[in-house]
Amino acid sequence: MDLWFENALLPTGWAGRVTVRIAEGRISQVLPGTDPAPGAERHRVAIPGLGNVHSHGFQRGMAGLSERRGRRDDDFWSWREIMYRFLDRLTPEDIAAITALAYAEMLETGYTRVGEFHYLHNDVNGARYADPAETAGAIVHAAGETGIGLTLLPVFYAHSDFGGQPPKPGQRRFLSDVDGFAKLVEASRAKLPADAVLGVAPHSLRAVTPEALAVVSALTAGPLHIHAAEQTREVEACLAWSGARPVEWLLDNLDIGRRWTLIHATHLTEAETDRLAASGAVAGLCPVTEANLGDGIFPAERYLAAGGTIATGTDSNIQIDAAYELRAIEYSQRLSLRRRAILSPEGASVGETLFHAALAGGGQALGVETGIAPGASADIVSLNMDHPGFAGASAGTLLDRWIFAGRAGAIDCVWRAGALQVVRGKHRASEGIANHYHKTLGRLLG
Ligand SMILES: [Zn+2]
């Protein structure tokens, strides 16, 4: 199959009159400066699909349900109590229905692969399902229904706090022992489609002891993800436990390199920032969720200047939008530093700089090649050039316009592994998925 674009963003930059040849879901050839071949589908502007490196699919169902002020010191920890109550009742069918809506929305906004940080493993009573990968199957189902690429990251979770503290009742659906988790990972592997990637996610230094961390990290050769330094209380507790801060502890005690993605990594000293940047690991930033939860601001200017790798994630899925995540990284810096256009080299476009960084980091974090290039999955997004946000645009300003000024409707089509999943901004199955979601939420919240 051939797609032809007036302009396309290639690893070498913008190119005109580009034929993208696709075979078995992968890009086989990229030919700039060509006329459309007979039968080639013609479109205006192509950019590569982004990887969303951090999602908890089911949390889409509680978006907007925790925006009422409770205690005066309402924070992440009170939000977490609401989250625990919401997930208490979810069946595997509910998880599949809610996650499918989240994944359709991801595709509609330009994410073509998701890293699902999947921790809801047990039944409502905390017992293992007969099939230990029952809920992983719900995630696989949602990915299949929407067509999004899946990097499944089963989460190991065993404790409520540093030093192996016993788990709390609200955590019963997450818990595994090391042997049971190994079985869960293998049962999950058996359910995955051909182009899925399997990694492992030790939840956090709160939930996993160093001994277990070593064992579960060796269960696959795939990506390793961990929540780290999202909250100041977590940093203080880690210091009390070990004398080191969470990211410092990880860098001191593990071989943190390109296989690792540290999710959030919000609270860093300058030394931690420089060391994490030099490690080659990805900082998985989720700035929309981090703003919603009052987490804090990642030191992106210093980290990027030190050569650090970033990617974005929609995490709690409070509002799924790839452009919004990229914009929020830059805006958080502007608000705290009181300057403009902070995260690009002098004279360069902030939008393009952040897009290229998140594209490369997203691929690294999710274990796949990215970009419109031979060998990569044919994960391509076309922009809707009839949208007012693009009026009079030249190629060099397109990403800034999309990220900073695009609003809804800026995306036209999305192909995932060469299959057309989004047309005129709508997922091909969006109606059925939304109906199922309405019924599911109506019952859960009714
Ligand atoms: Zn998370």
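**Helix α14 and the zinc site**

The buried residues of α14 are Ser430, Ile433, Tyr437, Thr440, Leu441 and Leu444, where buried stands for under 20% relative accessible area and exposed for over 50% (1.4 Å probe, protein chains only). Because they cover an arc of only 100° around the axis, these residues sit on the same side of α14; the arc is taken from the directions from the helix axis to the C-beta atoms. The model is predicted, so local features need pLDDT of at least 70 and side-chain atom pairs pLDDT 80 or more, while totals for chains, interfaces and linings use all residues. Numbering runs from 1 along each chain as its sequence is written, and side-chain values use heavy atoms, without hydrogens and water.

Turned away from the buried side is a face of α14 with the exposed residues Glu431, His438, Lys439 and Arg443. The cover over the buried residues includes α1 (76-87), α2 (92-109), α3 (134-146) and β17 (426-427), with contact meaning heavy atoms within 4.5 Å. Helices (H or I, at least four residues) and strands (E, at least two) are DSSP runs, numbered from the N terminus.

Now to the metal. The zinc ion has the protein donors His54 (NE2), His56 (NE2), His227 (NE2) and Asp315 (OD), 2.1 to 2.7 Å away; donors are N, O and S atoms within 2.8 Å of the metal (3.2 Å for Na, K and Ca). His227 belongs to strand β10 (residues 224-228) and Asp315 to the loop between β13 (309-312) and α11 (322-337), so this pair ties together parts 88 residues apart in sequence. Both His227 and Asp315 are buried.
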